[in-house]
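The following note is intended for a colleague who is meeting this structure for the first time. Please read the numbered points alongside the sequence and the model.

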Amino acid sequence: AVVVLMSLTPSQSFASTPEASGAGQPTQPDDVAGAANTLNDGEDSLLQLPPSDPNNNDNIQSLKFGEALKLDHLGPIILNTDGTTRRIDNWETLTEREREVTWRRIKKRNAERRKKLEGSE
């Protein structure tokens with residue numbers, strides 16, 4: 001089961017002044033607070049992500065609307081016979097020659113499978 005906890009209600013999170021959001025302090029409804037206690041099995045705090053460094057722009061890639069993003073480093077997408085897709089698990093361990101051969105074979109096989117799947121619809 002997936003439980004989503006929000007510390008603020010939408011009206012509180014977008015309030016521009018403390019007066020607009022009531023007392024200015026976020027509150028949790030009883031059902032959310034109860035779910036948090038149940039989820040933590042008695043622990044007092046929720047797990048949190050470590051703080052991020054806003055000045056660290058080394059690996060942040062920006063993308064503008066309409067631009068394409070290539071994910072070639074992840075390897076080819078394999079089209080299975082039932083129409084589902086997957087990737088090669090050990091792509092990063094293949095040699096450059098193995099990658100070239102794999103791209104070529106999968107490209108050909110995907111085209112055949114796509115044609116067959118489109119014909120069966």
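1. Read along the sequence, the protein chain runs α-α-β-β-α, with three helices and two strands in total. Helices (H or I, at least four residues) and strands (E, at least two) are DSSP runs numbered from the N terminus.

2. This is a predicted model, in which local features need pLDDT of at least 70 and side-chain atom pairs count only at pLDDT 80 or more, while totals for chains, interfaces and linings use all residues. Residues are numbered from 1 along each chain as its sequence is written, and side-chain values use heavy atoms, with hydrogens and water left out.

3. Of the 121 residues in the protein chain, 14% are buried. Here buried means under 20% relative accessible area, exposed means over 50%, and partly exposed lies in between (1.4 Å probe, protein chains only). The chain exposes about 10900 Å², and carbon and sulfur atoms supply 52% of that area; accessible areas come from the Shrake-Rupley method with a 1.4 Å probe, and for residues only the protein chains shown count as cover.

4. Among contacts in the chain with a separation of 6 or more, 38% are between residues 24 or more positions apart. Contact means heavy atoms within 4.5 Å.

5. Which residues make up the largest nonpolar core? The five are Ile-78, Ile-88, Trp-91, Leu-94 and Ile-106. Such a core is a set of buried Ala, Val, Leu, Ile, Met, Phe, Trp, Tyr and Cys residues joined through side-chain atoms within 4.5 Å. In soluble globular proteins, nonpolar side chains tend to be buried together.

6. Helix α3 covers residues 96–120. Val-101, Thr-102, Ile-106 and Asn-110 are the buried residues of α3, and β1 is included in what covers them.

7. Thr-102, in helix α3, counts as buried because its relative accessibility is 19%. Beyond neighbours within four places in sequence, Thr-102 is in contact with Ile-88, Trp-91 and Leu-94. Leu-94 belongs to the loop between β2 (85–87) and α3, and is buried at a relative accessible area of 18%. With residues up to four places away set aside, Leu-94 touches Arg-99 as well as Thr-102.

8. Is Leu-79 buried or exposed? This residue of strand β1 counts as buried, since its relative accessibility is 11%. Leu-79 and Arg-114 are 35 residues apart in sequence, yet their C-alpha atoms are 7.6 Å apart in space. Not counting residues up to four places away in sequence, Leu-79 touches Thr-84, Thr-85, Asn-110, Arg-113, Arg-114 and Leu-117.

9. A nonpolar surface patch of about 330 Å² is formed by Leu-63, Leu-69, Leu-71 and Leu-74. Patches are made of residues with over 30% relative accessible area and no salt bridge, with like charges joined within 9 Å and nonpolar side chains (Val, Leu, Ile, Met, Phe, Trp, Tyr) within 5 Å. A salt bridge is a side-chain nitrogen of Lys or Arg within 4 Å of a carboxyl oxygen of Asp or Glu. Leu-63 sits in the loop between α2 (30–40) and β1 (77–79), and is partly exposed, with a relative accessible area of 48%.

Note on methods
Expected span 1.5 Å × (residues − 1).
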